[in-house]
Amino acid sequence: MINRRKFIGKAALGTIAVGSTSLLACETSAQPTEKTTKSTNKKVTKPSIISTWNHGLAANEEALKILEKGGYSLDAVEQGVRITEADPKVSSVGYGGWPDREGNVTLDACIMDHNSRAGSVAFLQNIMHPISVARKVMEETPHVMLVGAGAKQFALEKGFKEQDLLTDDAKKAYKEWLEKSEYKPVINIENHDTISMIAMDEEGRLSAACTTSGAAWKIHGRVGDSPIIGSGLFLDSDVGAAAATGLGEAIIRTSGSAMVVELMRQGRSPQEACKEIVERIYEKHRNQPEFDYLQVGFIAMNKYGETGGYCLRKGFNYATFDKENGNKLTDAEFKI
Ligand code: SD4
């Protein structure tokens with residue numbers, strides 16, 4: 001776990017402020033770290049990290065290694081989510097991700113930086129770290145998004161290695177699924193553990209990343225919200241950033257993450273903004289057939305480092321880091 005003492009030790013502890021989901025200590029050594037939010041009048045500090053689900057804890061720790069050295073939040077979010085991508089036990093991200101209905105692991109990822117640059121890959125196969133390919137798309141091409149065979153060709157050209165991502169456990173799960181071959185996601189279990197991470201570094205730069213193998217047992221070729229800028233992830237340094245997890249179709253239909261950011265622009269706290277979008281998704285889907293298995297969750301951070309999260313159904317959690325509380329997991333508030 002984080003050596004929080006060491007981290008706090010660097011800074012004299014100033015005012016402690018209670019936010020909706022964060023309790024933050026102000027660092028007195030660096031002027032720009034203390035600000036007052038328009039939405040809540042709370043004092044906040046940097047760095048700050050929020051990521052989805054309990055695997056966010058390990059991802060945050062990795063991100064923190066960079067942030068505590070005064071590093072760049074873009075490096076932090078990339079390195080952070082790579083931990084999840086490489087973890088064979090996480091069945092919905094990268095290596096070990098559960099496949100589509102034809103047995104292929106297909107990956108989606110995107111990344112954004114504080115200058116609103118963005119990179120994305122979708123329907124990428126046999127490459128362990130789609131988030132790093134997405135970063136290369138952002139930094140080394142004139143484009144935002146590459147998909148499928150083109151994304152793979154680009155990855156190989158950039159030196160990424162091709163490898164089989166279907167683990168024995170995933171193969172076993174697939175074989176069991178084949179017995180009934182139904183597309184009926186199990187809430188909070190089989191397709192709801194995308195890792196999304198938002199981080200603010202000591203210089204106040206926001207970055208965000210999102211990576212997933214998407215919905216298990218999907219139709220071959222299906223792409224979810226996660227690589228779509230504005231749906232699975234959105235960042236605008238003037239306001240903050242938001243990211244999503246859950247049933248991608250519902251998130252795409254509502255441009256979920258972009259809307260969370262726009263609500264924060266209008267003065268909502270991260271928590272309030274996430275809640276309002278989940279409620280909107282609920283209203284739009286409550287009479288739809290997929291409502292039975294619909295789960296969506298959002299996390300958000302505003303430009304002052306305040307965080308929040310909210311989901312439709314009980315069971316979503318997210319990991320936050322701030323100097324006062326260290327790295328901790330919070331059960332998200334939920335609608336139903
Ligand atoms: C998708 N949103 O492809 C992703 C899946 C997910 O947690 O979030 N899993 O629909």
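**Packing, helices and cavities in a predicted model**

The buried residues of helix α3 are covered by several elements, including α2 (56-67), β6 (106-112), α4 (130-140), β9 (195-200) and β10. The model is predicted. The buried residues of α3 are Ser-73, Leu-74, Ala-76, Val-77, Glu-78, Gly-80, Val-81, Thr-84 and Glu-85. An α-helix has 3.6 residues a turn, so residues three or four places apart point the same way. The length of α3 was also checked. Helix α3 covers residues 73-85, which makes 13 residues. At 1.5 Å a residue it should span 18 Å, and its end C-alpha atoms are 18 Å apart, so the two values agree.

The chain as a whole has 336 residues, and buried residues make up 60% of them. Its secondary structure comes to nine helices and 17 strands. Contacts were also sorted by separation along the sequence. Among those with a separation of 6 or more, 65% join residues 24 or more positions apart.

Ser-73 is found in helix α3. Its relative accessible area is 0%, so Ser-73 is buried. Beyond its neighbours within four places in sequence, Ser-73 is in contact with Leu-67, Ala-199, Met-200, Asp-201, Arg-205, Leu-206 and Ser-207. Met-200 lies in strand β9. It counts as buried because its relative accessibility is 1%, and the cut-off for buried is under 20%. Residues up to four places away in sequence aside, Met-200 touches Lys-46, Pro-47, Ser-48, Leu-67, Ser-73, Arg-205, Leu-206, Met-301, Asn-302, Lys-303, Tyr-304 and Gly-305. Asn-302 is one of these residues. Met-200 and Asn-302 are 102 residues apart in sequence, but their C-alpha atoms are 9.4 Å apart in space.

Helix α9 covers residues 270-285 and has 16 residues. From first C-alpha to last it reaches 23 Å, close to the 22 Å expected at 1.5 Å a residue. Its buried residues are Pro-270, Gln-271, Ala-273, Cys-274, Ile-277, Val-278, Ile-281, Tyr-282 and His-285. These residues pack against two helices, α7 (248-253) and α8 (256-265). They also pack against the strands β13 (296-302), β14 (307-311), β15 (317-322) and β17 (333-334). Cys-274 has a relative accessibility of 0%, so it counts as buried.

Cysteine pairing was considered next. The structure holds zero disulfides. Cys-110 is in no disulfide, and the nearest cysteine sulfur, that of Cys-210, is 5.2 Å away. Cys-110 counts as buried, because its relative accessibility is 0%.

Ser-226 touches both of these cysteines. Ser-226 is placed in the loop between β10 (206-212) and β11 (233-236). With a relative accessible area of 3%, Ser-226 is buried. Leaving aside neighbours within four places in sequence, its contacts are Asp-108, Ala-109, Cys-110, Thr-194, Cys-210, Thr-212 and Gly-232.

The loop between β10 and β11 also holds Trp-217. Trp-217 has a positive phi of about 70°, although it is not a glycine. Its relative accessible area is 3%, so Trp-217 is buried. Asn-126 is not a glycine either, and has a positive phi of about 65°. Asn-126 is found in the loop between β7 (118-125) and α4. Its relative accessible area is 23%, so Asn-126 is partly exposed.

Rolling a probe the size of a water molecule over the atoms shows where empty space is left. The structure holds three cavities of 30 Å³ or more. The largest cavity contains about 60 Å³ of space. Twelve residues line the largest cavity, and the closest to its centre are Thr-194, Gly-214, Ala-215, Arg-222 and Gly-246. The lining divides into two nonpolar, eight polar and two charged residues. Thr-194 is also one of the contacts of Ser-226.

Note on methods: Residues numbered from 1 in each chain as written. Predicted model: local features only at pLDDT ≥ 70, side-chain atom pairs only at ≥ 80, totals over all residues. Heavy atoms only, no water. Disulfide = S-S within 2.5 Å. Buried < 20%, exposed > 50% of the residue type's maximum accessible area, 1.4 Å probe, protein only. Helix = DSSP H or I, 4+ residues; strand = E, 2+ residues; numbered from the N terminus. Contact = heavy atoms within 4.5 Å. 1 Å grid on protein atoms, 1.4 Å probe; cavity = no way out; pocket = protein on both sides within 12 Å on 5 of 7 lines; lining within 4 Å. Points joined across faces, edges and corners; volume = space filled by probe spheres on them. Nonpolar A, V, L, I, M, F, W, Y, C, P; charged D, E, K, R; others polar. Expected span 1.5 Å × (residues − 1).
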